[in-house]
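Please open the model in the viewer and keep the selection panel at hand.

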Amino acid sequence: MRFVHIFLIVSIILNFNFIKADEIKTENKIAKNLRCLICQGQSVYDSDSEFAISLKLVIKNKIQEGMSEEQIYSFLKIKYGEWILYDPVFNKNTYFLWLLPILIFLAGGAIIIRRFYNKNNLD
Amino acid sequence: MKSKVIAITLILFFLITFVIFFKGLKNSNVYTPSSNQEKEVPSFELKSFEDNTKIISEKTFKTNQYYLMNVWASWCIPCRDEHKFLMELKKDKKIELIGFNYKDNFKNATSFLKDLGNPYNIIVSDKDGIASINWGAYGVPESFLIYENKIIKRFIGPINDEDLLEIKKIIR
């Protein structure tokens, strides 16, 4: 009987640790995706400023309240604006930013193909 | 002919890049969120600074009254600079000042107010900084001008004489 008790307690503790580990993982993931607004070029995860410390605490609480990652992002977006997210949303201000790499890629491809065909034609 | 075209395009490219970056140099690198939209005052339930009684936002902010909610801490040096402007604002009966004591210790904060004067009608304390995140605040010092339960203006960083004039103009 005693053995069963100990086994139960140990298994509960182990399970709890797994849940906790998952929480910390998402916590860190969210903090890494947020820009520390008062630091220069640092994420909230990397920063030890008062702002970042509080923000990490808020993320932790929100996860414990059962909020999903997306919900936390949108909560912070309402509070601080889109700038806090590292991933810029696709809109009329950012379409150039998103499309430029694709355009450059296509232009590069076009140059390569043209060169290739020209060379073939010469042969 | 071909090399000339390439040279001209290159020069143009660098010229345009230079102009863009040169203009960018003059832009402020301090990010401020778009402040044109008026936001509702976030509700809070915080402990009073003096006696640990609960202060509820719904009961604190009355309509038809201006409030300046000032985030401050005794360890914050710019807060000392702006304090004289807050004391000045205290004389105005049309506005009430609410102190938002940010991550501070009671002893230091009390002696700060003793030295420089207490401009606040109410002080709430935010020990872990969570409430300030709900306000969308960055840290200390920061001030929110509130009317009819809406944030009508925010001041990031210490208040200066220009800001003071602006506040006085709004509440007049």
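Two residues are in contact if their C-beta atoms, placed from the backbone, lie within 7 Å. This is a predicted model, in which local features need pLDDT of at least 70, side-chain atom pairs count only at pLDDT 80 or more, and totals for chains, interfaces and linings use all residues. Residues are numbered from 1 along each chain as its sequence is written, while chains are lettered from A and ligands numbered from 1 in the order in which they are written.

Select both chains: 12 residues of chain B are in contact with 13 residues of chain A. The side of chain B that touches chain A comprises 5 nonpolar, 5 polar and 2 charged residues (Ala, Val, Leu, Ile, Met, Phe, Trp, Tyr, Cys and Pro count as nonpolar, Asp, Glu, Lys and Arg as charged, and the others, Gly among them, as polar).

Next, select residues 77–90 and 161–171 of chain B, helices H3 and H6 (DSSP runs of H or I, at least four residues, numbered from the N terminus). Their axes come within 10 Å and cross at roughly 20° (lines fitted to C-alpha atoms over the stretch in contact, with angles from 0 to 180 degrees between N-to-C directions). H3(B) and H6(B) are therefore roughly parallel, the term for angles under 35 degrees. Display Phe85(B), Glu88(B) and Leu89(B) of H3(B) with Asp161(B), Leu164(B) and Ile167(B) of H6(B), which make the contact.

Finally, select chain A, divided into domain 1 (2–87) and domain 2 (88–123) by an automatic or database domain assignment. The C-alpha centres of these two domains lie 39 Å apart.

Technical notes. Helices (H or I, at least four residues) and strands (E, at least two) are DSSP runs, numbered from the N terminus. Angles under 35 degrees count as roughly parallel, over 145 as roughly antiparallel, 65 to 115 as roughly perpendicular and the rest as oblique.
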